Amino acid sequence: MKTRIFIAGHSGMVGSALVREALQLGTYEPVLATRRELDLTDLRAVLHFLEFQRPDCVIFAAAKVGGILSNSTFPADFLYENLTLATNIVRASFLVGIKRLLFLGSSCIYPKFAPQPIPESALLSGTLEETNEAYAIAKIAGLKLCAAYRKQHGVLFHSAMPTNLYGPGDNYHPDHSHVIPGLIHRFHSAKERGLKEVAIWGTGTPMREFLYVDDLASACFHLLTLDNPADWINVGFGSDVSIYDLSLAIAKAVGYSGQITLDSTKPDGTPRKLLDTSLLRSTGWQPQTPLEDGLKLAYADYQKALHSGRLRTI
Ligand code: GDP
């Protein structure tokens with residue numbers, strides 16, 4: 001019999017990678033609901049849905065996400081929506097008797113000046129990066145809620161903290177997306193219009209780690225096979241790259257050969273964000289997609305979405 005798994009947020013970049021992986025594994029039956037069918041910010045509706053569907057387990061991939069500018073411009077939306085999603089899905093899962101839930105957070109839960117690479121133990125050891133504090137606080141509350149239900153009620157609610165993700169289905173909004181989709185879009189447009197230069201934000205010196213979203217999906221299903229996973233566990237690629245070097249790699253993947261300049265009016269965000277992934281690796285998992293390959297796949301998906309009018313820009 002297949003394991004019925006509710007993938008909350010299945011239409012997003014992460015959720016759709018989880019559906020792909022579940023189907024490919026063949027041992028799972030995804031339970032899905034569109035935004036129109038189920039409002040995840042409504043606790044009664046979530047309860048009703050889970051009571052009716054009775055999935056065996058839940059992966060929580062629903063989130064209001066955005067890049068550095070979006071997060072710092074709309075902190076109330078990011079905090080309120082993500083907190084509500086976390087409390088509703090965790091509470092409703094518990095109330096209907098679901099025994100296993102995997103909550104997805106983000107590496108921005110760790111303090112701005114955490115030791116690098118960042119171990120799981122760095123949580124709550126310092127001040128957060130203020131450009132994404134609202135999102136981070138909601139995700140910290142979510143992971144602590146899972147740990148609290150596990151401790152108090154013995155349910156296997158645990159969390160995964162992925163590093164910066166990219167891949168098919170990303171959001172390509174010119175201002176409010178993350179750096180990879182933002183730059184894919186900007187370099188592609190510059191190539192099409194024959195522009196001689198493209199500006200990237202900030203100083204180009206911040207270091208970031210990037211994981212192809214299908215690798216995250218494989219890590220999630222791996223975590224669901226562990227009998228006694230840590231309350232939260234980092235999911236990363238294992239090495240990082242400067243934003244400037246990343247921009248060179250994206251320009252190459254896109255085929256843009258103009259100049260790259262720096263827009264210092266835009267924020268850098270946290271100086272470095274590399275996860276310590278030794279805990280996850282010790283359980284027998286590692287990523288499969290090098291950055292260059294992932295960027296080519298992401299650009300191919302961008303072109304496909306652009307030409308079919310399906311490009312997500314929010
Ligand atoms: P962060 O990891 O939370 O800071 O999120 P982002 O992916 O939005 O930004 C990562 C880094 O890339 C930051 O240092 C940005 O300043 C830099 N960056 C350079 N160009 C861009 C761009 O076009 N869009 C975004 N979002 N970030 C950019």
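Why is helix α7 largely enclosed by the rest of the structure? I opened my notebook with that one, keeping in mind that this is a predicted model.

**Entry: helix α7**
I looked up residues 213–223 and found that nine of the 11 are buried, so α7 is largely enclosed by the rest of the structure. I then wrote down who they are: Val213, Asp215, Leu216, Ala217, Ala219, Cys220, Phe221, His222 and Leu223. For the record, I took buried as under 20% relative accessible area.

**Entry: the shell around the ligand**
Next I turned to the ligand and its neighbours. I got 17 residues around the ligand, the closest being Ser177, Arg186, Arg208, Pro267 and Asp268. I sorted the shell by class and noted eight nonpolar, five polar and four charged residues.

Which elements each supply at least two residues of this shell? I found α6 (179–193) and β7 (197–201). Helix α6 gives the most, with three residues.

**Entry: polar contacts of the ligand**
I went through the oxygen atoms of the ligand, and here is what I jotted down:

- I found a polar backbone atom of Asp268 at 2.5 Å from a ligand oxygen. Asp268 is also among the closest residues of the shell.
- For His178, I noted an N or O atom of the side chain 3.3 Å from an oxygen of the ligand.
- For Lys273, I have a polar side-chain atom 3.3 Å from a ligand oxygen.

Technical notes: Residues are numbered from 1 along each chain as its sequence is written. This is a predicted model: local features need pLDDT of at least 70, side-chain atom pairs count only at pLDDT 80 or more; totals for chains, interfaces and linings use all residues. Side-chain values use heavy atoms; hydrogens and water are left out. A residue is near a molecule or strand if one of its heavy atoms lies within 4 Å of it. A polar contact is a pair of N or O atoms within 3.5 Å; within protein, one must be able to donate a hydrogen and the other to accept it, and residues adjacent in sequence count only if both atoms are side-chain atoms. Helices (H or I, at least four residues) and strands (E, at least two) are DSSP runs, numbered from the N terminus. Ala, Val, Leu, Ile, Met, Phe, Trp, Tyr, Cys and Pro count as nonpolar, Asp, Glu, Lys and Arg as charged, and the others, Gly among them, as polar. Buried means under 20% relative accessible area, exposed over 50%, partly exposed in between (1.4 Å probe, protein chains only).
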